[in-house]
Amino acid sequence: MGAGHGASLTARYLPGGTAVHRLEPHTKLVAVLAFAVVVVLTPVQAPWAPAAYAGYLLAVLTVAAVAGVGPARLLRGLVVEVPFVAFAVLLPFVARGPEVQVLGLSVSQSGLAAGGGLLAKATLSILAATVLAATTEPRALLRGLERLRLPQVLVQILMFMIRYADVVGGELHRMRVARESRGFTGGGLRGLRVLGATAGALFVRSYERGERVHLAMVSRGYTGSLPGSPAAPVAPGSWALALSLPLAAAAVLLTGMLLG
Amino acid sequence: MSVPPPSLLVEDLAFAYPDGHQALFGVDLRIEQGERVALLGPNGAGKTTLVLHLNGILRAGRGRVTVAGLPVEKRSLQEVRRRVGIVFQDPDDQLFMPTVGEDVAFGPRNLGLPEDEVTARVAEALAQVRMADAIDRAPHHLSFGQRRRVAVATVLAMRPEIVVLDEPSSNLDPAGRRELAEVLAELPVTLLMVTHDLPYAAQLCPRSVILDGGVVVADGPTSEVLADAPLLAAHRLELPYGFSPRPTAPPG
């Protein structure tokens, strides 16, 4: 059943032994979050904002280089950004205020800055998150979240997601193969109805699987909390190394604010 | 020295689901320590319902279940679930943790054991099912047969009195089936195996019980039960083509 293919979530991880790989997951999580906060705090309308974005980009690309995450991997990570891009491109056309000429089109100046800022911030944050995902195994990320005192319920939900994404994905794949084996090609209103039925069947199956998993857990003495394994001590210097990314970004931000 | 209590004692067990469908009509079953018993029966005979009573997931409407002298009651549930290890049919239902080692550790940790004891039990249970090398692997990277053996390890780590296997040979390829049989034959525990796979029952269990219509309709040496063609036919059980039941020497 569904063995072999799949592993869609673990596929984001690039095995390696670089300094970034070796960092404890919770220090990396804090670093990426702090970096994103610094990026978001940068005022969009400031004249020095583009320079600051360039500084952040340099910082995150340096980390990616140290971690051995190549440009192709980073670009694939940016695919999730596509909806933001669409929104950002729209902004200069719908915003009001003084207008400027760009490529023969007259667009709102504030809209252009806002759109550009949105795009830059999203891109930078996603690049940092991509490096995190490429250097940290999903289950290590969970341990990190647990150490950061994320509520157990949320950690458990994420854990089940990682474990069963491939199982449910495999089920979906087999249903699609079975559908197409009986001549289904999709398209049209009827196609939508078939896809709706597939989604419903998948939901019912997953729900039933959830019940069976719970039954098996209760049979092994589960009472609501997951007893975790003991946390390993943090190696000295880990925090300093992990936080060098957000600190570099913060230095860029401060420089901009003081000089700009 | 006194005789140890039977690993499992089911007395006059009856059960109806909340929707009124009655699945069990007074089941009696006694399994002594160290016995290996196959529980046979067609689909819908009540096999799964019976299994879910053994560790108190379902509560008896009438009658009682006793595990090694301990009655299954609300306040004994945690201990009963340690004593009765159920291996469910789909290993993907049983193995839910990110790695094999963590999954095998789940039961012992629920028992509140100290960490060094948990580590020792995980290593021991995985060695018993010949999966010691897989301790850090993700369950979905294992073959189906390997996952089923790991599922067996997850209950062995709780040092159960009796291991209950639900259709252990289903979906296994011939090699996986043989490897599992080798592992099961060596386990030093009482075994109850729910199955339609009559040759597997003949291979592993000296005694067989047929459950049909919510009652035990036959109970005896597997070779005799499987040789009784009219009995099998009456309960929708069939030997595979070409298989002839013959008396087998008890293992060991």
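A residue is called buried here if 20 or more other C-beta atoms lie within 10 Å of its own, exposed if 12 or fewer do, and partly exposed in between, with C-beta atoms placed from the backbone. By that criterion, 47% of the 252 residues of chain B count as buried, and 27% of the 260 residues of chain A do. This is a predicted model, in which local features need pLDDT of at least 70 and side-chain atom pairs count only at pLDDT 80 or more, while totals for chains, interfaces and linings use all residues. Residues are numbered from 1 along each chain as its sequence is written, and chains are lettered from A and ligands numbered from 1 in the order in which they are written.

**Chain A**

- Chain A has 10 helices and two strands, where helices (H or I, at least four residues) and strands (E, at least two) are DSSP runs numbered from the N terminus.
- Along the sequence these elements follow the pattern α-α-α-α-α-β-β-α-α-α-α-α, and the radius of gyration of chain A is 23 Å, well over the 18 Å that the globule rule gives for 260 residues, so chain A is more spread out than a compact globule.
- That radius is taken over C-alpha atoms, and the globule rule is 2.2 Å times the number of residues to the power 0.38.
- Taken along the principal axes, the C-alpha atoms of chain A fill a box of roughly 65 × 55 × 30 Å.
- Of the contacts in chain A with a separation of 6 or more, 80% are between residues 24 or more positions apart, two residues being in contact if their C-beta atoms, placed from the backbone, lie within 7 Å.

**Contact between the chains**

- The contact takes 27 residues from chain A and 29 residues from chain B.
- On the side of chain A that touches chain B, α8 (152-181) and α9 (188-219) of chain A each supply at least two residues, and α9(A) gives the most, with eight residues.
- By class, this side of chain A has 15 nonpolar, six polar and six charged residues, where Ala, Val, Leu, Ile, Met, Phe, Trp, Tyr, Cys and Pro count as nonpolar, Asp, Glu, Lys and Arg as charged, and the others, Gly among them, as polar.

**Chain B: overall form**

- Chain B has 10 helices and 10 strands, and with a radius of gyration of 18 Å, close to the 18 Å that the globule rule gives for 252 residues, it is as compact as a globular protein of that length.
- The C-alpha atoms of chain B fill a box of roughly 50 × 45 × 45 Å along the principal axes.

**Chain B: an open sheet**

- Four strands of chain B form an open sheet in the order β2-β1-β4-β5, with antiparallel pairing, and two strands pair if DSSP finds at least two bridges between them.
- At the edges stand β2 (22-31) and β5 (70-71) of chain B, each with a single partner strand, so one side of each is left without a neighbour in the sheet.
- Strand β1 (residues 8-16) of chain B runs antiparallel to β2(B) and is joined to it by seven bridges; B:F15 has B:L24 in β2(B) as its bridge partner.

**Chain B: positive phi values**

- B:R130, in the loop between α5 (115-128) and α6 (144-156) of chain B, has a positive phi near 60 degrees although it is a residue other than glycine.
- B:N171, in the loop between β7 (162-166) and α7 (174-186) of chain B, is likewise not a glycine and has a positive phi of about 65 degrees.
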